[in-house]
Amino acid sequence: MALLMSDVDRFEKARPRLEAIAYRLLGSSAEAEDAVQETYLRWQAADTGRIEVPEAWLTKVLTNYCLNQLTSARARRETYVGQWLPEPLLAGDPMLGPADTAEQRESVSYAVLVLLERLAPAERAVYVLREAFGYPHREIAEILDISEAASQQILHRAKKHVADGRARTEIDGAAARRIVEEFLAAATSGRTEPLIQLLTQDAVAAGDGGGKVPARASAFEGAKAVATFLRGLFKPAPAKRALVGGVPDLYAGTANGEPAIIVVVEGRVVGISCLEVTPDGIVAVRSQVNPDKLHRAAERWAAEEHGAPLYSL
């Protein structure tokens with residue numbers, strides 16, 4: 001069925017919100033774009049004149065498509081090479097969605113996206129729709145075909161999983177840069193002690209290479225182990241330059257609301273390391289180096305001007 005221009009316009013107006021929902025649910029910009037495209041195809045095939053609330057209809061179709069994708073993704077990730085981490089998005093990316101409240105900002109933080117992987121698909125959907133987009137439980141119940149009471153119970157359970165017992169610190173751009181500068185000064189000092197002072201005792205370091213870039217299959221755990229790993233990671237070496245095809249330049253930035261180190265080689269983003277910060281120190285360093293999960297960040301980076309790097313390895 002051919003769409004009227006008004007129907008196309010209505011969908012395009014909803015697209016940013018749909019993409020932001022899909023990204024939070026799937027942890028991938030490419031998969032989020034695919035989910036929105038599939039929603040558009042179903043909108044195109046529908047009798048739109050009989051749809052009373054188009055925005056609700058689109059959200060329901062998108063969310064249920066994403067739930068199916070999450071179910072199949074669990075099977076795919078059992079064969080994934082090494083650690084699986086979400087795709088980081090640089091500050092200002094519209095796919096990050098609304099950031100007016102603390103709940104909205106936290107819901108798309110890199111740390112929370114990692115924790116959302118622990119949730120069942122329905123728990124993830126309820127959490128995202130409620131915390132990030134403020135949907136009332138009545139509407140969530142209609143979207144997921146559950147009762148309103150069930151939606152409330154699922155949210156309570158999901159929030160307990162996501163809280164993880166940690167008090168996270170909200171950080172603006174200027175503070176993020178200071179944290180990255182201090183972190184890189186310690187990481188490039190050639191000693192572990194300055195790094196240990198910045199890390200919590202239970203700190204972890206994890207990387208996602210997707211089998212395409214070398215990355216340890218399991219996370220480093222504990223301040224001493226993480227510091228030792230980072231000291232070696234940030235030590236200049238000809239072999240590292242040969243691996244990435246040039247000199248890695250290190251910039252300070254923000255990804256998913258967290259301080260981030262953007263690693264750039266001859267204008268190409270080849271890695272993004274997100275620092276999870278708590279009042280007690282840096283609790284996690286999560287590095288995305290899988291090139292398949294850096295395309296969108298690389299495009300955004302290339303479209304903007306940047307000063308001199310903080311360090312070159």
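**Labels and their cut-offs**

Modeller: Glu131 is buried, at 14% relative accessible area.

Colleague: Why is Glu131 called buried?

Modeller: Buried means under 20% relative accessible area, exposed over 50%, and partly exposed in between (1.4 Å probe, protein chains only). Glu131 has 14%, so Glu131 counts as buried. This is a predicted model: local features need pLDDT of at least 70, side-chain atom pairs count only at pLDDT 80 or more, and totals for chains, interfaces and linings use all residues. Residues are numbered from 1 along each chain as its sequence is written, and side-chain values use heavy atoms, without hydrogens and water.

Colleague: Where does Glu131 lie, and which residues is Glu131 in contact with, leaving aside neighbours within four places in sequence?

Modeller: Glu131 lies in helix 6, residues 121–132. Helices (H or I, at least four residues) and strands (E, at least two) are DSSP runs, numbered from the N terminus. Beyond those neighbours, Glu131 is in contact with Glu103, Gln104, Leu155 and Lys159. Contact means heavy atoms within 4.5 Å.

Colleague: What makes residues of the largest pocket's lining nonpolar, polar or charged?

Modeller: Ala, Val, Leu, Ile, Met, Phe, Trp, Tyr, Cys and Pro count as nonpolar, Asp, Glu, Lys and Arg as charged, and the others, Gly among them, as polar. By that rule, this lining divides into 24 nonpolar, six polar and three charged residues.

Colleague: Which element gives the largest share of that lining?

Modeller: Strand 5 does, with six residues.

Colleague: How does the lining of the second largest pocket divide?

Modeller: Into eleven nonpolar, seven polar and six charged residues.
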